[in-house]
Protein chains: 2
Amino acid sequence: MNAIINLLKSHRSIRKFTNEPISIEQREAILQAAQAASTSSNMQAYSIIHVTDADLKSQLAELAGNQAYVSECPLFLVWCADLHRYAEVAHLHVDTPITGNAENFIIATVEAALAAQNAAIAAESLGLGVCYIGGLRNKPAEVSELLGLPQLVYPVFGMCIGMPDQEPLLRPRLPLEAVYHENRYAYNAPSVDSYDETIRDYMNVRTDGKVDTTWSKEMAAKAQRPRKHMKAFLSSQGYEVE
Amino acid sequence: MNAIINLLKSHRSIRKFTNEPISIEQREAILQAAQAASTSSNMQAYSIIHVTDADLKSQLAELAGNQAYVSECPLFLVWCADLHRYAEVAHLHVDTPITGNAENFIIATVEAALAAQNAAIAAESLGLGVCYIGGLRNKPAEVSELLGLPQLVYPVFGMCIGMPDQEPLLRPRLPLEAVYHENRYAYNAPSVDSYDETIRDYMNVRTDGKVDTTWSKEMAAKAQRPRKHMKAFLSSQGYEVE
């Protein structure tokens, strides 16, 4: 429909990057785009940590589950939900305790996500590729320690950015009718069933016939490896989710 | 730096719309862009509810705190975190209980946000304006009841989309150095102090001199009106955040 929508629709995660560095101008454009995202009551309840130190990148790559591209990518950003700043500035005027209650947790998590997605799109508009790194939540306490995160700040995910050195297939999404509802929520089983075959075909092509799976099988496998530690970790950072 | 980054940087929330309808083609482009956003292990753990019913829109507008633009906008979408579909498909293969534990809560909330932000950008690329409606979390149980949300689904926020009938000022953001850190988190008090004056000037212009406030004063005011009900509500939807 237009070039921007085409860009959005052609997203795929990039996990292999050339050595081409990202210029300061590119980085600043990406960060300015991030800051322009919507924010609840202008709270701006997120922080971005740019990891430039090679040792630190290696440690984070390992903590994320030995994802080498975390250390290899030219620009690695950690997107944090951040209520610390909000608490600092509110306390200039009032004593009201600021807690990571469920509502504040949602706000800060969403704000990190909205800013990050703007950054991802800005990067892609510059011909760069990106990959979200949820794997930082494998070892969130260790990550927080390494990055010096204070109370009320937690790492939601990382993001690798760099010039793509691969051209992955576009991963097909669920049919729209599976995620779209009119006026009332209505679970659409047939749309999900048909997607199982879509993913079987996709994985077959992607792995040269080596992997025979479906979407529901992948989801079942995922259900058996939950990150059960997150509740205790979040509590340790001041988020009252337990 | 390019047209896309310029679009991202020129975002402002739109709360007044013309009557111009949104075509089916526009809506589909917006929804396809949403679906193309990154998703953790391809979970696609969100749902979009398009509210077309006028009565329902009015009720939601009232529940959101009498925000008339919710009922007046030509396209109102509710973005839900959705683990129901994930549970349904995983249970085709395994009995593992799927819970809204902290990790799954983060995934589903982030996925709704990433998809929504893509939709927002797609809409803006079509010359439309958008406004996130966090106010749905004022009365989340009532909203969930009206929309028929099952367990493991919760409304993260709404979104108004339509042709802008206003040209609001661009709201200045924090200086980059307030939200940006290199390698380690470091709270930057001076950058926040300077922003207080930026917001004073902005509010002065925006309100024709009627409002004298600063960012920290706004944050202090916000701290005194928490949405304390969210924890209990989320628990009632199957999210184990208490």
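How many residue pairs are in polar contact across the interface of chain A and chain B? I got 59, with both residues at pLDDT 80 or more. A polar contact here is a pair of N or O atoms within 3.5 Å; within protein, one must be able to donate a hydrogen and the other to accept it, and residues adjacent in sequence count only if both atoms are side-chain atoms.

The model is predicted, so to speak of local features I need pLDDT of at least 70, and side-chain atom pairs count only at pLDDT 80 or more, while totals for chains, interfaces and linings use all residues. Residues are numbered from 1 along each chain as its sequence is written, chains are lettered from A in the order in which they are written, and side-chain values use heavy atoms, without hydrogens and water.

Next I looked up contacts (heavy atoms within 4.5 Å). I found 110 residues of chain A touching 110 residues of chain B.

Then the buried area, meaning the accessible area (1.4 Å probe) lost by the two parts on being put together, summed over both. It comes to about 9600 Å², and carbon and sulfur atoms give 62% of that. On the chain A side, Arg173(A), Asn183(A) and Tyr185(A) lose the most area to chain B, together 8% of what that side buries.

Last, salt bridges (a side-chain nitrogen of Lys or Arg within 4 Å of a carboxyl oxygen of Asp or Glu). I counted four between chain A and chain B. One pair I looked up is Arg137(A) with Glu103(B), whose closest N and O atoms are 2.7 Å apart.
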